[in-house]
Structures are given as structure tokens and as C-alpha cells.
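This report describes one structure, shown below. It covers confidence, the ligand site and the domains in turn.

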Amino acid sequence: MRFFYFRILEASVKKDIRALSKEELQDFFVSHDAPSFKAGQVFQWLWQKGIHDFELMTNLSLEHRNLLKAHFQIKHINIDSQQRSADGTIKNAVKLHDHLVVESVLIPTSTRTTACVSSQVGCSLDCTFCATAALKRMRNLNADEIYDQVVAMDQQSKLYYQRPLSNIVFMGMGEPLMNYKNVLAAIDKITDSEALGMSPRRIILSTSGIPKLIRKMADDKVKFGLAVSLHSARQEVREQIMPFAKKFPLTELIEALEYWYAYTKKQITFEYVVWEGVNDLKEDIQALVGLCRRIPSKVNIIQYNPIDGSSMKQAHQTIIDAYIAALTKARISVTYRRSRGVDIDAACGQLANKIDSK
Ligand code: SAH
């Protein structure tokens with residue numbers, strides 16, 4: 001009986017092999033009288049080929065496979081369910097290691113397929129217009145849980161659209177900068193030539209704007225792009241719809257963005273929704289133009305996707321046209337696109353685990 005319990009305990013504490021760096025894996029093989037280059041082979045199976053079973057590591061001897069099995073487990077996410085929109089967008093309910101669920105979205109266009117990735121279960125921010133904000137923040141995702149979403153969507157992209165993923169945006173559930181370490185570790189793997197090998201130029205991290213961490217990204221010399229959910233360039237308006245912005249005022253955010261540009265020379269994308277009665281005045285437009293003149297940037301106007309329990313409404317098209325005209329006149333690049341996947345609640349701000357709660 002005691003032996004039995006001991007075996008169960010041993011199994012439950014087996015370390016996740018994907019939590020090891022390549023160097024740690026090399027040390028493991030050497031300490032078990034095996035050549036260190038085996039670590040490279042195992043690393044490829046785990047990170048490039050994305051396999052979940054030691055038995056499939058066919059260039060390893062039976063002895064080495066058994067050695068790994070005796071010491072490690074391979075934790076991985078599971079796609080719990082999938083919904084496909086009429087426009088081809090695919091929303092995945094992703095079951096994590098502890099069975100909590102997040103959502104990730106694959107968005108195909110004629111030239112690209114973009115993966116929209118989650119970084120937290122729920123969100124600790126309190127944007128009044130976002131469905132994810134209503135979910136309690138449960139925990140940060142591990143680096144491999146973030147990475148696995150990308151691998152899963154890369155496979156879906158190949159299966160359904162006959163091409164690999166072309167772009168990744170951190171615009172799913174959660175605030176990526178509140179999970180700084182794991183998000184950056186995941187991006188390291190996504191861009192590592194021994195793993196997915198994607199170009200960092202094809203990755204965008206979207207944040208509500210945490211000044212200290214924007215500076216840190218610049219200091220850490222990140223190579224990916226930055227988008228900021230601005231929604232208003234006026235402090236008194238912004239803190240109404242993004243209450244956490246009282247703690248991180250626009251003045252500090254702007255200084256951090258100037259710092260980011262000075263060190264990275266990378267233009268910033270401002271995400272912006274225009275709502276009736278919120279940011280539809282001339283001074284709202286002027287404030288945005290003024291900010292964009294100060295910081296090298298472009299503006300991505302996002303269509304508002306209504307969420308349950310909110311009375312907020314997108315402003316009339318004439319107001320959006322006035323924004324576009326004013327920005328264009330000031331030679332600031334602006335895009336306005338239709339939302340994708342609205343029919344399956346997969347668009348910006350709609351991720352709220354509805355499938356899971358049904
Ligand atoms: N927390 C990060 C990333 C998640 S949200 C951030 O704030 O940037 C991704 C984008 O969708 C953000 O620009 C967010 O402001 C926007 N968004 C949230 N709810 C929305 C909604 N209901 N309709 C349209 N865009 C929304």
C-alpha cells in the first residue's frame with residue numbers, strides 16, 4: 001500500500017520537461033551518462049515538432065526514452081472546442097494545465113493568417129467596454145501555455161488555409177504586460193530558430209499602457225511591435241472608460257512611449273474605438289491628432305463590438321470619418337477595419353469564455 005502511494009506521489013511530482021532550458025536538459029543527460037547532444041534532439045521534438053509523447057521521439061534509443069519517462073512529464077494545452085465564423089475566423093477554447101480555459105482566435109485574410117493569443121485567465125483591468133474585464137483574473141499563463149496556443153493555431157492555419165501563421169497579436173484575454181516574464185519567454189521561443197522561428201516583426205503586443213513596463217521593454221531591446229489601447233487622448237475621458245488609467249495617467253504613458261521610440265525607433269500603433277457621447281467631440285479628435293504629432297505613431301480605429309450588459313454604442317459613421325479626415329490631413333496613417341468573427345463572439349473585447357459557461 002505504502003509503495004502504491006509512493007508511486008502516485010512520484011508520478012504527480014514529475015517535473016514538466018518543457019520547464020527546462022536546453023542547458024538544463026544537457027546537464028540532465030550528462031549526469032545520466034548520456035551525450036549532451038541528445039538535449040538538442042529532445043528540444044526539437046518538444047518545441048519545433050510539438051509532440052506530447054516521449055514514445056514519438058524516434059531518434060532516441062528506448063533506454064533514453066525510458067530515462068526521460070522516468071523523470072519527466074510533458075504538460076500541454078488541449079483545444080477543448082472550436083467555433084468557426086462565417087468569415088473563416090476560428091475561435092478556440094483552450095484548456096490549460098489546471099483545466100482553466102482561455103480563448104484564442106485565428107483570423108484569416110486573403111494574404112495573412114493572424115493568431116490572437118491570450119496571456120492571462122481573465123483580466124485584472126477594468127475597461128468598461130470589454131467583456132474579458134468582467135471575468136475575474138485567475139492567474140497568469142505559463143510561457144509554454146502561451147507558446148502552445150501559437151503552435152495549435154499554426155497547425156490550424158496549415159490545415160484549413162494551407163499556409164503557416166503569418167502574424168501574432170497579443171490581443172486575446174488579459175493584459176500581457178501584467179504577465180511580462182512569461183509573455184517575453186513565450187516570444188523568445190516563438191522567434192527561436194530551434195523552435196517556431198517566426199520573425200519578431202510579425203508579432204505585436206497590445207497593452208492598455210503600463211508606463212514602467214513599456215520602458216522596461218525598450219530597455220530589454222525587444223524586437224516586436226507595440227500597440228497601445230488608447231481610446232482617448234484626454235485624461236478625463238480615458239479614466240472614465242479605463243478606470244485603471246487613474247493610476248497610470250496619460251502624461252506618464254506619453255513619456256514612456258517617447259522613451260520607447262527613442263530607444264527602439266519603432267512606431268507605435270494606437271488602437272481606438274469611437275463611442276457616442278464618450279469621445280465624439282472635436283476636442284477628442286484634436287487631442288488624438290496632437291498626441292500622434294508628438295509620438296511617431298499610426299492609428300487603428302477598431303469597430304466597437306457590443307458586449308452584454310453595456311449601453312455603450314459606436315459613434316455615427318460621420319464622426320469616424322471626421323477622425324479619419326483629421327488624421328489624414330495631419331499625415332498620420334490611419335486604418336479602419338471591419339471586425340472579424342463577431343458572429344461567434346471572437347472579435348476584440350468579446351472573449352469571455354461563453355462556450356465554457358454554457
Ligand atoms: N489588454 C490588452 C489586450 C487585450 S484587448 C489591451 O488592452 O491592449 C485587445 C483590443 O481590443 C484592445 O485595444 C481593447 O481596447 C480592444 N477592445 C476591448 N473591448 C472591445 C470591444 N468591445 N470592442 C472593440 N474593441 C475592444
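The pLDDT is the predictor's confidence in each residue, from 0 to 100. On that scale the protein chain averages 92, and 95% of its residues score at least 70. Residues 1-7 have a pLDDT below 50, and beyond near neighbours in sequence this stretch makes 0 contacts in the model, a contact being heavy atoms within 4.5 Å. Where pLDDT is low, the predicted coordinates should not be read in detail.

The model is predicted: local features need pLDDT of at least 70, side-chain atom pairs count only at pLDDT 80 or more, and totals for chains, interfaces and linings use all residues. Residues are numbered from 1 along each chain as its sequence is written, and side-chain values use heavy atoms, with hydrogens and water left out.

The ligand is surrounded by 21 residues, where a residue counts if one of its heavy atoms lies within 4 Å. Phe129, Ser206, Ser208, Ser229 and His231 are the closest.

| Residue | N or O atom in | Ligand atom | Distance |
|---|---|---|---|
| Phe129 | backbone | nitrogen | 2.9 Å |
| Ser206 | side chain | oxygen | 2.6 Å |
| Ser229 | side chain | oxygen | 2.6 Å |

On its own the ligand has 540 Å² of accessible area, of which the protein covers 96%; such areas come from the Shrake-Rupley method with a 1.4 Å probe.

The domain assignment, automatic or from a database, gives domain 1 (2-73) and domain 2 (78-344). Their centres, taken over C-alpha atoms, are 36 Å apart. In domain 1, 6 residues are in contact with 8 residues of domain 2. Between them the two domains bury about 780 Å², with 43% of it on carbon and sulfur atoms. Buried area is the accessible area (1.4 Å probe) that two parts lose on being put together, summed over both. Of the area that domain 1 buries against domain 2, Arg18, Trp47 and Gln48 supply 62%, more than any other three residues.

Methods: A polar contact is a pair of N or O atoms within 3.5 Å; within protein, one must be able to donate a hydrogen and the other to accept it, and residues adjacent in sequence count only if both atoms are side-chain atoms.
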